[in-house]
Amino acid sequence: MTPQPDPPGSPPTGPPGSPPDRRPDACTVGVDFGTLSARALVVRVRDGAELGSAVHTYRNGVIDRSLPGSDTPLPPDWALQDPRDWREALRTAVPEALAAAGIAPSQVIGIGTDFTSCTVLPTTADGVPLAEQPAWADRPHSWPKLWKHHAAQDQADRINALAHRRGEPWIRRYGGRISAEWQYAKALQVLEEDPQLYAACSRWIEAADWIVWQLTGTESRNTCTAGYKGIHQDGAYPSSDFLAGLHPDFADFPATRLDHPLLPLGNRAGTVSVEAAALTGLRPGTPVAVGNVDAHVTGPAAGAVENGHLLAIMGTSTCHVVNSDELADVPGVCGVVDGGIVAGAYGYEAGQSGVGDIFAWWLRQGVPDDYRAAAEAAGEDLHEHLSRLSAEQPVGAHGLVALDWMNGNRSTLVDHRLSGVLAGLTLDTRPEDVYRALLEATAFGTRVIVETLEEHGVPVTEFIAAGGLKKNPLLMRIYADVLRRPVSLAISDQGPALGSAIHAAVAAGAYPDVRAAAARMGGVERNAHLPDPDSADVYDELYAEYRALHDHFGTGGDLLLHRLRRLRNRARAQGTMR
Ligand SMILES: Nc1ncnc2c1ncn2[C@@H]1O[C@H](COP(=O)(O)OP(=O)(O)O)[C@@H](O)[C@H]1O
Ligand SMILES: O=C(CO)[C@@H](O)[C@@H](O)COP(=O)(O)O
C-alpha cells in the first residue's frame with residue numbers, strides 16, 4: 001500500500017485538552033524499541049485491528065565488543081547501544097508502517113512508545129546524548145547502557161549491603177536486592193569509573209523517556225521506569241544520606257540528574273513537535289503517550305490486566321508481570337510499584353535475563369553443518385528443526401538438566417555473576433537434546449518465580465505468554481507441563497507495539513483509561529496449551545534436580561560460578577594469551 005496524503009480539510013490534531021477524536025477510522029501508532037530492532041505498528045482504535053507495521057533493525061545493535069569505529073575492546077559484561085539507531089527507527093519505521101497500513105497522518109490520533117529497560121543514558125540538559133557529543137563520544141561511559149549491561153554488579157552489591165545495614169524501607173520493594181541492571185548501579189559505575197563524564201551528565205534518563213523527548217521536544221518521566229528501575233517509592237527517591245554512604249558525590253544524584261514530575265502510564269506526555277513531525281511523517285500536535293517499558297506495556301495488549309493474571313513476555317529475555325491488590329514482600333522480584341502496570345493495582349515484575357538468547361547461543365555454537373543442511377532441506381529454521389527433533393522424546397530421555405543463567409540470574413537470585421550449567425552430558429548427547437534441556441531450564445526458572453510469588457502472597461491464577469517465543473508449540477507445552485497449569489497466549493504477535501498503541505489511544509482521549517482500551521483493543525486465547533499430567537509428574541522430578549543445582553550454585557552452597565567469573569575477568573584484564 002502507498003501512504004495516503006491528508007485529504008483537504010482534515011481535522012486538526014488537537015492540543016492537550018481538546019475533545020477526543022472519535023472518527024471510526026482513527027488509528028494510533030505503537031513503537032516497540034527492542035534489543036536488536038524497533039517495530040512500528042498502526043492500530044485501529046475502535047477494535048484493535050492491526051493495519052500495518054514496519055521493522056527497523058539497529059545498525060549497531062548491541063555494542064559489546066568495542067565502540068563503533070574503534071578497536072579498543074570493551075571490558076567484560078558491557079552492553080551499550082547507539083541512540084542514533086533509535087532515532088533512525090522513528091525516521092524509517094513510522095512512515096513505513098503508515099504506508100503499509102495505507103493511512104494518512106491525519107487518521108493518527110496518537111503515538112505511544114515502549115523500550116527495553118533499564119536502558120539508560122547520560123545527556124546534556126537539553127537531552128543531547130553525551131555519546132553524540134564529539135568531546136565525549138570516545139568515552140565508553142558516554143554511551144547508553146543497555147538493559148543487559150552487567151558490569152555494575154560490584155556497585156549493586158554495595159547498594160544492597162548498605163541498604164540492608166541502614167534498614168532502608170524501599171529495599172523490600174525490590175525483593176531485597178537492587179539489580180546490577182537498574183539505574184543506580186549503572187550510574188554509580190559511571191561516577192566511579194569516569195567521574196569527569198559523570199560531572200558532564202546533566203540528565204540520567206531511561207531510553208523510554210528519552211525517546212518521548214525526541215517526539216515532543218520536552219523532557220517527561222514516567223512512573224513505571226521511575227518505580228521499577230529508579231527506586232522511586234512512596235513519592236521519594238533514596239535519601240542523600242544513603243547515597244553519600246556509597247560515594248560522597250552520589251548524594252545529589254536523584255536531585256540533580258533524575259528529578260522531574262512523574263506522569264502515570266496512559267497519560268499524555270505532550271504532542272509531536274514540528275521537528276519530530278518532519279522526522280516521522282506524523283502531524284505536529286499529535287498526542288504522545290508517556291514512555292513505558294516493553295514488558296509492562298504488553299499487559300493490556302494480552303488481556304492481562306486483572307489481578308493474578310501473570311504475563312510472561314518471552315523473547316530475548318523474559319519478563320513476568322502480574323497485578324495484585326496486596327502489597328507483599330517477595331524475595332528476588334525486580335520490583336513492586338503502585339500502578340506500575342495499570343492504575344489501581346500493585347504491579348509486580350520479575351524476570352529471566354536470558355531465554356531466547358540462550359537458545360540462539362546453542363544454535364550458533366552447538367549445531368553441526370549436517371543439521372543445518374537437514375533444516376534447510378526441510379524448509380525449517382534451526383529453532384523449528386531442533387524443536388521437531390526433540391519434541392517426540394519422552395520427558396527426561398536426554399538425561400540432562402541445565403541452569404538457565406547464561407546471562408546471569410535476574411530473579412530470584414538477582415546475581416549477574418552466575419553463569420550457565422549443563423549436567424548429564426554423555427557421548428550420546430545430541431544437539432536436539434541440549435536444545436530441549438535449555439528450553440526446559442528456562443521453564444524451571446519461570447517455575448521458581450511463579451512459586452516464589454505465590455508463596456509470598458501474590459496469587460497467580462492464570463499464566464499468559466506473549467512475545468516471539470509463544471510461537472514455539474514445544475516450548476509452550478513444556479511450560480504448561482513444568483508449571484502444571486494451562487498456558488494462555490496473547491493473540492497479537494506484536495504485544496509490546498500493540499500495548500503502546502493502546503496507551504496512545506488513552507493518551508489521545510479515545511478511551512477513559514487503559515483497562516477500557518484493553519478490553520476493546522487487546523486479546524488473549526485462553527488455555528491454548530494444557531498440561532499433560534504424566535509429563536508433569538516427570539517434570540516434578542527434573543525440577544527437583546534443577547532446584548538442587550540452583551541452590552548449590554546459587555544460594556551459597558558453592559561459589560564456583562563466582563570464582564570462575566573472577567578468574568575469567570582477571571585473565572581478560574591481563575590479556576593472558578599463552
Ligand atoms: N521458534 C523459536 N523457538 C525458540 N526461540 C526462538 C524461536 N524463534 C526465535 N527464537 C528466539 O527468540 C528471540 C527473539 O524474540 P523476540 O520476541 O522476537 O525479540 P525481543 O525479545 O528482542 O523483542 C531470539 O533470542 C531467538 O533466539
Ligand atoms: O527488563 C525488561 C523490562 O523491565 C526488558 O526490557 C528486558 O528484559 C529486555 O526485553 P527483551 O528480551 O528485549 O524483550
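1. Let's start with ligand 2, where an oxygen atom sits 2.9 Å from an N or O atom in the side chain of R410. That is a polar contact (a pair of N or O atoms within 3.5 Å; within protein, one must be able to donate a hydrogen and the other to accept it, and residues adjacent in sequence count only if both atoms are side-chain atoms). T35 brings an N or O atom of its side chain to 2.6 Å from an oxygen atom of ligand 2, and the side chain of S317 also has an N or O atom 2.6 Å from a ligand 2 oxygen. On its own ligand 2 exposes 370 Å², of which the protein buries 92%; accessible areas come from the Shrake-Rupley method with a 1.4 Å probe, and for residues only the protein chains shown count as cover.

2. Before going on, please keep in mind that this is a predicted model, where local features need pLDDT of at least 70, side-chain atom pairs count only at pLDDT 80 or more, and totals for chains, interfaces and linings use all residues. Residues are numbered from 1 along each chain as its sequence is written, chains are lettered from A and ligands numbered from 1 in the order in which they are written, and side-chain values use heavy atoms, with hydrogens and water left out.

3. Which residues surround ligand 2? Among them are T116, S117, W147, K229, D294 and E349; a residue is near a molecule or strand if one of its heavy atoms lies within 4 Å of it. The shell divides into three nonpolar, five polar and four charged residues (Ala, Val, Leu, Ile, Met, Phe, Trp, Tyr, Cys and Pro count as nonpolar, Asp, Glu, Lys and Arg as charged, and the others, Gly among them, as polar).

4. Now for ligand 1, which has 13 residues around it, the closest being T316, G356, G468, L469 and N472. T316 is also listed around ligand 2. A nitrogen atom of ligand 1 lies 2.9 Å from a polar side-chain atom of N472, while one of the ligand's oxygen atoms is 3.0 Å from a polar backbone atom of G356. Helix α10 (residues 356-366) gives the largest share of this shell, four residues; helices (H or I, at least four residues) and strands (E, at least two) are DSSP runs, numbered from the N terminus.

5. Next, the helices. The axes of α13 (residues 431-455) and α17 (residues 533-554) come within 10 Å and cross at roughly 80°. Axes are lines fitted to C-alpha atoms, for helices over the stretch in contact, and angles run from 0 to 180 degrees between N-to-C directions. The two helices are therefore roughly perpendicular (65 to 115 degrees; under 35 is roughly parallel, over 145 roughly antiparallel and the rest oblique). Residues in contact (heavy atoms within 4.5 Å) include F444 and V448 of α13 and Y543 and Y546 of α17.

6. Helix α17 also meets α14 (residues 473-483), with axes that come within 7 Å and cross at roughly 70°. That makes this pair roughly perpendicular too. I478, D481 and V482 of α14 meet S535, A536 and Y539 of α17.

7. Finally, look at the backbone. Most residues other than glycine have a negative phi, and most peptide bonds are trans. Here a cis peptide bond joins S117 and C118, with omega about 5°, and another joins S411 and T412, also with omega about 5°. D77, not a glycine, has a positive phi of about 70°, and D77 lies in the loop between β3 (50-57) and α1 (83-101).
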